[in-house]
Amino acid sequence: MTERAPIGRFRFMDRSRVNLDGFAVEDPALGLVAFASAQDPEPSLVIERDGHVSELDSKAEADFDVLDEFIARHGLDLGVAAEAMAVGEVSFARMMVDPGVPRAEIVRLAAGMTPAKLARCIALLRPVELGLAMAKLRARRTPSNQAHVTNRSDDPLLLAADAATAAALGFREVETTVPVLGDAPSNAVAVSIGAAVGSPGVLVQCSVEEALELEMGMRGLVSYAETVSLYGTEQVFVDGDDTPWSKAFLTSAYASRGVKMRVTSGGGAEALMGAAEGASMFYLEARCVALARAIGAQGVQNGGIDSAAVAGSVPGGVRSLMAENLMVMARNLEACTGNDALMSESDVRRTSRTLPILLAGSDYICSGFGSIQRYDNMFGPSQWNAEDVDDYLVMQRDWGVDGGLRTADEPLVAALRRRAVDAVRAVYRHLGLADFTDEWAEQAVDAAGSKDVPAAELMTPLIASRVIRETGLTMVDVVAALDETGYEEEAERMLGMLKARVAGDYLQTAAIFDEAMTVLSLVTDPNDYAGPGTGYVPGAERQAEIDAIRQQRSVDDLRSEQQLARSGAFSVVGPAQVGTDPRDVVIGVSPAVGREIWVSMSGLTVVDVLRELMAGLEEEGCRGRVVRVNHTIDLGLIGLTAARLAGSGIGIGLQGKGTALIHRRDLTPLANLELYSVAPVVDARLYRLLGVNAGRHAKGSTPEPARNPYTDEAIEARYHTRVVALVGIERACCDPHEPPEELAVDR
Amino acid sequence: MSAGPVAASGRDPAGITVESIRSGDVDITDLRIHPATLEHQAVVAEEHGNPQLAENFRRAAELAALPDEQVLALYEALRPRRSSAAELEDLAAQLAASGAVRNAALFREAAQVYARRGLLRT
């Protein structure tokens, strides 16, 4: 056998981005299987007369590991269990999708189902059904989103500016973390101040080791916690230095200080750590979700999270990530639905993974949208990043759905970043944490990322954090410092977050604050989806935020843009005459030329285009004459009208937008000799050639073959809105009763 | 004016203003949740189909009165292989004596399961 290089088609395909991703052959022994492994147990539940569970998912009490034990003791509603376990899997799957079955009924039954039982039911749902079930089963009516705000240098000024930016973009939770553990308190303070500058009511957390995170929560330095990890096998759980009992205690410790928290899990984590016990990812995640409910957590972030790419590597894996999220919702918990760590090198693939959840709506579409650039994300690049903010906003607009984000225009963001930087500077100086140079501050305001802030000092956050820890500084001190340095509004906003801990309403399931500091949760804003015409619909104001992206343009915008290029180069000579000179070639222009339209889509002015055409005619010894055709906007008719006025019988038709053709007086309107149809890419050289060829047609000599220039741009996406507007302007200038008129063009 | 719950210190948060903070009159404990408020939230959680969340809030109500250091130490004691059975029992007894009966039960249950699963300190 001889070695042969792959054929060109395959060499070409091998270079596509998606082929940088790893794809695994299913291997249940390693846990590399999405939905069903032979090792997954048969669902079962045996309840003894004394009310204790003696068998759970085919495992006897004596063999319970710590997860089974905790779930058996605390996780199941034994009052409904017999009924729930008896419901057929297909029946329950249908109930989840059926808009006629209320969410409360699903929640009631799911509470009595073992992990294996609920996993079997949800595995039956196809992707579109997962979406429908998600629309119905998420806890909170109003969808939302969470951002990562981090940077490589833990720069407090940049963190604050970026937190303010994230808040302006609509994120209601901001999560930070540290490359250097010692920097955590400074990061928490800087991000909290920045978020308060951007909007009232933004929840802030700093993801670090469990005990340090709790300590920061107790001191008010963060307003929620999320990095409380659960795993689906005992081995990995204990390797994570916790047990279900310590996690249950931790959960209560947060609540005891009025701090919201959710746990983290996600399919593939156990396989990644080499201890999946031969079970499928989805079954292990079902155990995690049941445990989350059992320990009393109000919510779960799952959908792979750090192991999303592991789930994504096997058949059906991406579907299983969404199914995990749905399972959280069915267990009546807040769902923070992954779309967090980047799971593919391919833009197509990562969009495919996220889109169904964006469309269905979730409590938090992303459990970590990287609001900063990929390189600054200290969790690792996210599925969505600063690079994608505009894409995401456009996707919301395309589908008319609320993905939690809004457009923030440049002047607003510039002002917020400035204020956030100034506020952190003032507070750090006031509290003796740090002094920042003007140069540093200016760079942080302007920066698109930490590479743009070379003035940042790496020791500053470390020293500030040490002072925060050693002096026992709390958020109360930060509020006072904000107030004393002139940031009363931000002081009020941060005090509002501290007072919210006393009320405790944001401890309830799926709680966020809106900008009026109203808690939106399962309790105050319950999801009431029950089919078309029900459930969440963005209010008029919110819909306008979704629709009014900063890139949109109206006809009036375009008209003003055209007027900027207005010139005095055209003047009307009088009614157009029929020529007799055989060298006479008429250039017919559309009705708006010289009135409203001055620039064609290639960027050349219409005057420049006409000069090229006439120069080309002159090269062939012909004479060009410009006539404005007022009675039609159809290019064929414009060209034909011009041809019938020309002594040579040859006319050029030119629309203001730049599309051009050569016509002859004996042809039908839609026939023509040459057409230059892709106006945005027709350049001066090509217009000159068009003039030359029109001259050759007039003389009866052979024209030079002209090819429309090649482009792989999405030419229609780029220009069609412009075309619609320009055609509208042409139409407004058109008068069917007005005859053609001759124009003089200054040369 | 206040319709909301008072803080753990008994202080009405409605009376806490930026001015009172500036005058040094406010401590972080004046902004800590009251056990009775957690009990109220437990009732709300129960009414909304989540008895486990309610139980969590009730355990939290017991912890609300404990100092931060003690809560952190209790958490540490429950982590894998940090404590012997006797130590967990001692902590449970202390918790029960201070009225934290739900947390005491959690510690006792942990001691039992940890013994079976090899998670006690050896």
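Predicted model: local features only at pLDDT ≥ 70, side-chain atom pairs only at ≥ 80, totals over all residues.
How far is the sulfur of A:C733 from the closest cysteine sulfur?

**View 1. Cysteines of chain A.** The closest cysteine sulfur to that of A:C733 belongs to A:C734 and lies 8.8 Å away, too far for a bond. A disulfide is a covalent bond between the sulfur atoms of two cysteines. Over all chains, the structure holds zero disulfides, the criterion being a pair of cysteine sulfur atoms within 2.5 Å. A:C733 counts as buried because its relative accessibility is 17%, and A:C622 counts as buried at 5%; buried means under 20% relative accessible area, exposed over 50%, and partly exposed in between (1.4 Å probe, protein chains only).

**View 2. A nonpolar surface patch including A:M13.** A:I7, A:F10, A:F12 and A:M13 make a nonpolar surface patch of about 400 Å². A:M13 belongs to helix α1 (residues 8–14) and is partly exposed, at 35% relative accessibility.

View 3. A:R644 lies in helix α27 (residues 635–645) of chain A; helices are DSSP runs (H or I) of at least four residues, numbered from the N terminus. A:R644 is partly exposed, with a relative accessible area of 48%. Beyond residues up to four places away in sequence, A:R644 touches A:V578, A:R665 and A:L667, contact meaning heavy atoms within 4.5 Å. The C-alpha atoms of A:R644 and A:L661 are 15 Å apart, with a sequence separation of 17 residues.

**Conventions.** Residues are numbered from 1 along each chain as its sequence is written, and chains are lettered from A and ligands numbered from 1 in the order in which they are written. Local features need pLDDT of at least 70, side-chain atom pairs count only at pLDDT 80 or more, and totals for chains, interfaces and linings use all residues, while side-chain values use heavy atoms, with hydrogens and water left out.

Technical notes
Patch = residues over 30% accessible without salt bridge, like charges linked within 9 Å, V, L, I, M, F, W, Y side chains within 5 Å. Areas by Shrake-Rupley, 256 points an atom, 1.4 Å probe, with all protein chains shown as cover. Salt bridge = Lys/Arg side-chain N within 4 Å of Asp/Glu carboxyl O. Helix = DSSP H or I, 4+ residues; strand = E, 2+ residues; numbered from the N terminus.
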